[in-house]
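Dear colleague,

I am handing over the structure below, together with an account of what was found in it. Please read the text with the structure open beside you.

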Amino acid sequence: MIVYMALCSREGVVKRVLRSIPTGIVNEGRDVRELFHEREELDGLLKQDHEYGASFRLRMKIQGDPLVFVTVKPINRQLIVFAYDVEPSEPLTQLMELSLSLLDITEVDGQDPYGSGYYEIQKLNSQLINYQRTLAKANCRLQGLLEEARQARSTIDLLERDMLTGLLTEKIFYDRASCLLEMHPDQEFDILAVDIEQFKIVNDVFGTGRGDRLLMDLAVCLLTIQTDSRTLITRARADTFFAILPRRKETYEALDASMGRFLESYPLPMRLQIKAGIYRIDSRDLEVARMCDRALMAASSIKRNYGQRFALYNHAMHEKLMVEQEDYQHHGKLPGAGGLRRVPAAKGGG
């Protein structure tokens, strides 16, 4: 794991090192550009005035020359430079150490024995206890990082992040996604909606602590598609995630495999189902929020279909949406309030 957080001047001079793993990478008084091979790229990043901050992938001058994420955030007349790398192969990702979250995660209470599945439940509870222990260690390190971040007055970033998962908030996601489409007019983008079926049952039966843990772990699973700054992810609603990403078939193939492994090994005594809808952006005049609604409609079209995980927004869904809107405008019925023909589920998308 690599974590380097420093408070710097606009010229790149390190004023204070807030966190360094491994220690002693670049100390106070030195130029932060000494840490990276791509000095010119970092220099350009330091001189830009990003209201919400900006991120790049740069190669560090330490053993192995690892490729890491670098985020720069302006704080008054100074900058927070944050370089980090997370190993996805660890049992419980260290992402929570890097998320500037203020919520304490509710401890998961043990479940009372019930039915003939008592011993199976106990086995699953043992696995959850291991997750708890790992998370408890991560929370201790997270508290230290949070305190140092507060001292550096970087808590502004907390307003842009979902407190539970560390992903972007819905509003910030919409704003940045709109800017992303303007900055890359020639790039083909998709909107991805990911929804957990029957999430309310998890909260009702196993408690909100375990429901929160499921959302956090799914957020980590979705982060596997975030390979550069052109991919943004948000937890927009209780159990719904949206992403904007460059259109690549291999991205969806990798995500499908990752979600399959996630569902197969997740320690809950119920069958989880995750559905993903894809809206291919063909017109950029539509608001990003409406694009997300269409991707979510595609995901909803395959609910209770256990043989299909992905669906594309298609013409049939578009017709249904138009009929619902017209019915609402002329008859005062809420969208989906009966009388509409059934739209067949979309075929799975790349």
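The expected span of a helix is 1.5 Å times one less than its number of residues, and helices (H or I, at least four residues) and strands (E, at least two) are DSSP runs, numbered from the N terminus. For the 15 residues of α6 this gives 21 Å, and the end C-alpha atoms of α6 are 21 Å apart, which agrees.

Before going further, please note that this is a predicted model, in which local features need pLDDT of at least 70 and side-chain atom pairs count only at pLDDT 80 or more, while totals for chains, interfaces and linings use all residues. Residues are numbered from 1 along each chain as its sequence is written, and side-chain values use heavy atoms, with hydrogens and water left out.

The protein chain as a whole

The protein chain holds 9 helices and 10 strands. Of its 350 residues, 48% count as buried, where buried means under 20% relative accessible area, exposed over 50%, and partly exposed in between (1.4 Å probe, protein chains only). Among contacts (heavy atoms within 4.5 Å) with a separation of 6 or more in the protein chain, 63% are made by residues 24 or more positions apart.

Strand β5 (residues 78–85) is largely enclosed by the rest of the structure, because 7 of its 8 residues are buried. Strand β1 (residues 2–8) runs antiparallel to β5 and is joined to it by 7 bridges, with I80 in β5 as the bridge partner of L7. Strand β4 (residues 67–75) also pairs with β5 in the antiparallel sense, over 7 bridges, and F69 stands opposite Y84 in β5. The hairpin of β4 and β5 has 2 residues between the strands, and N76 takes a positive phi near 55° there. As for β3, it pairs with β4 in the antiparallel sense over 6 bridges, and R59 has L67 in β4 as its bridge partner.

Between β6 and β8 the pairing is antiparallel over 7 bridges, and L192 has A243 in β8 as its bridge partner.

The nonpolar cores

A nonpolar core is a set of buried Ala, Val, Leu, Ile, Met, Phe, Trp, Tyr and Cys residues joined through side-chain atoms within 4.5 Å. The largest one has 34 residues, of which L192, V194, L214, L218, F241, F262 and F310 touch the most other members. Elements that each supply at least two residues of this core include β6 (189–196), α6 (208–222), β8 (240–246) and α7 (249–265). The largest share, 7 residues, comes from α6, a helix that is mostly covered, with 12 of its 15 residues buried. Leaving aside residues up to four places away in sequence, L214 touches I196, F199, V202, F262, Y266 and L272. A second, separate core of 28 residues includes A177, F189, A289 and A298.

T227 lies in the loop between α6 and β7, and at 46% relative accessibility T227 counts as partly exposed. Not counting residues up to four places away in sequence, T227 touches R57 and R248. T227 and F69 are 158 residues apart in sequence and 9.6 Å apart in space, C-alpha to C-alpha.

With best regards

Methods: Two strands pair if DSSP finds at least two bridges between them.
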